[in-house]
Every structure is written in C-alpha cells, then in structure tokens.
Amino acid sequence: MGTLLSYWYNNNHSYSGLNLMTPAHVHYGEAIVLQQQRQAVMARSSQAHRERFMQGLFIVKVDPTVVYINPPKPAETLS
C-alpha cells in the first residue's frame, strides 16, 4: 500500500506549491517543458478571448527546480 501511495504522490498528485506540477515533473526536469506548454495555451486563449485578459497575458510560473522532503545538507557539514 505504501508504494502505491508514494507513486501516486510523486506521479499523479499536482501540488499548488509546485505550480500544479507533480514532484516527478520537477525532479526529472519536465517542469520547464510543461510551463512552456501551459504558456502557449494561455497565449492562444488570450488571442481568442481578449475580453478575458484585460490586464494582459497571464504568465505561468515555473519556480521549483528541485523537490525534497528533507533537503540534503551542504557537503561541508556531512563529514
């Protein structure tokens, strides 16, 4: 059961703190591509429905670059 749950958390559950991406997206470097795809959709939507984007094009965030439950300690403190 634990393995199935951790698979779901890592591969299927989108986290708001990760800009609605899964930890797997961020860990395997897929976050940038996903952000670019989402931005392209937003650009097409803003062109088709200008009345919905009165304040300009919405920018999709892609802040996270790494995901940890417990971040590793700096190398100098490991010895």
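## Starting with Trp8

Is Trp8 buried, partly exposed or exposed? Trp8 is partly exposed, at a relative accessible area of 38%, where partly exposed lies between buried (under 20% relative accessible area) and exposed (over 50%), using a 1.4 Å probe and protein chains only. This residue sits in helix H1, which covers residues 2-11; helices here are DSSP runs of H or I with at least four residues, strands are runs of E with at least two, and both are numbered from the N terminus.

## About the model

The model you are looking at is predicted, so local features need pLDDT of at least 70 and side-chain atom pairs pLDDT 80 or more, while totals for chains, interfaces and linings use all residues. Residues are numbered from 1 along each chain as its sequence is written, and side-chain values use heavy atoms, leaving out hydrogens and water.

## The whole chain

The chain has three helices and zero strands, giving the pattern α-α-α along the sequence. Of its 79 residues, 19% are buried. Its accessible surface is about 6500 Å², with 59% belonging to carbon and sulfur atoms; these areas come from the Shrake-Rupley method with a 1.4 Å probe.

## The nonpolar core

Five residues form the largest nonpolar core: Leu18, Met21, Val26, Ala31 and Leu34. Such a core is a set of buried Ala, Val, Leu, Ile, Met, Phe, Trp, Tyr and Cys residues joined through side-chain atoms within 4.5 Å. Beyond residues up to four places away in sequence, Met21 touches several others, including Tyr15, Ala31, Leu34 and Val62; contact means heavy atoms within 4.5 Å.

## Two serines in helix H3

Now for a pair of serines. Ser46 lies in helix H3, residues 31-48, and is buried at 10% relative accessibility. Its side chain reaches the backbone oxygen of Ala43 at 2.9 Å. Setting aside neighbours within four places in sequence, Ser46 contacts Phe53 and Leu57.

Ser45 is in helix H3 too, but Ser45 is partly exposed, at 26% relative accessibility.

Definitions and conventions: A polar contact is a pair of N or O atoms within 3.5 Å; within protein, one must be able to donate a hydrogen and the other to accept it, and residues adjacent in sequence count only if both atoms are side-chain atoms.
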